[in-house]
Amino acid sequence: ILKRNPVTALFIAGGEDKITPVKEVQSLYALALPDSELIVVPDITHEALTYAFVELDPAVLKWLAKEK
């Protein structure tokens with residue numbers, strides 16, 4: 001889908017994610033529009049990523065506050 005219709009997106013990956021490894025997320029990020037961002041939280045698995053509030057909240061809020 002991103003190849004045909006690139007969008008601006010925020011990509012979040014866990015450094016220890018075995019379900020969606022960082023390399024796969026980087027591939028998607030490469031297909032997105034230039035204002036996209038990629039955040040990699042080191043030492044976090046796929047399951048634990050949703051609980052990484054301390055690491056993610058500031059970055060996600062900053063990205064959401066940007067004018068699009």
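Q: Leaving aside its neighbours within four places in sequence, which residues is S36 in contact with, and what makes them contacts?
A: Beyond those neighbours, S36 is in contact with V7, T8, A9, F11 and Y29, and the word applies because contact means heavy atoms within 4.5 Å. The model is predicted, so local features need pLDDT of at least 70 and side-chain atom pairs count only at pLDDT 80 or more, whereas totals for chains, interfaces and linings use all residues. Residues are numbered from 1 along each chain as its sequence is written, and side-chain values use heavy atoms, with hydrogens and water left out.

Q: What makes the approach of A9 to S36 a polar contact?
A: The backbone nitrogen of A9 lies 2.9 Å from a polar atom of the side chain of S36. A polar contact is a pair of N or O atoms within 3.5 Å (within protein, one must be able to donate a hydrogen and the other to accept it, and residues adjacent in sequence count only if both atoms are side-chain atoms), so the value of 2.9 Å falls within that limit.

Q: Which residues make up the largest nonpolar core, and why is such a set called a core?
A: The largest nonpolar core holds seven residues, namely L2, A9, F11, A13, V22, V25 and A32. The elements that give two or more residues to this core are β1 (10-14) and α1. Apart from it lies another core, of six residues, among them I39, I44, L49 and A52. The term is used because a nonpolar core is a set of buried Ala, Val, Leu, Ile, Met, Phe, Trp, Tyr and Cys residues joined through side-chain atoms within 4.5 Å.

Q: How many aromatic pairs are there, and why is the pair of F11 and Y29 called edge-to-face?
A: The count comes to two aromatic pairs. F11 and Y29 stand 6.1 Å apart, centre to centre, with 80° between the planes. Rings of Phe, Tyr and Trp (its six-membered ring) pair if their centres lie within 6.5 Å, and planes under 30 degrees apart count as stacked, over 60 as edge-to-face and the rest as tilted, so the 80° puts this pair in the edge-to-face class. The pair links distant parts of the chain, with F11 in strand β1 and Y29 in helix α1, 18 residues apart. F11 is buried because its relative accessible area is 11%, whereas Y29, at 31%, counts as partly exposed.

Q: What makes Y51 and F53 the other kind of example, and how are their accessibilities classed?
A: Y51 and F53 also form an edge-to-face pair, with 6.5 Å centre to centre and 85° between the planes. Y51 has a relative accessible area of 64% and is therefore exposed, while F53, at 48%, is partly exposed.

Q: How do you know that β1 and β2 pair, and what is the hand of the unit that β1, α1 and β2 make?
A: Two strands pair if DSSP finds at least two bridges between them, and β1 and β2 pair in the parallel sense over five bridges. Within β2, the bridge partner of L10 is E37, and that of I12 is I39. Together β1, α1 and β2 make a right-handed β-α-β unit; right-handed is the word because, with the strands pointing away from the viewer, the path from the first strand over the helix to the second runs clockwise.

Q: Why does the positive phi of D43 deserve mention?
A: Most residues other than glycine have a negative phi, whereas D43, which is not a glycine, has a positive phi of about 60°. D43 lies in the loop between β2 and α2 (53-65), and at 64% relative accessibility D43 counts as exposed.

How values were computed
Buried < 20%, exposed > 50% of the residue type's maximum accessible area, 1.4 Å probe, protein only. Helix = DSSP H or I, 4+ residues; strand = E, 2+ residues; numbered from the N terminus.
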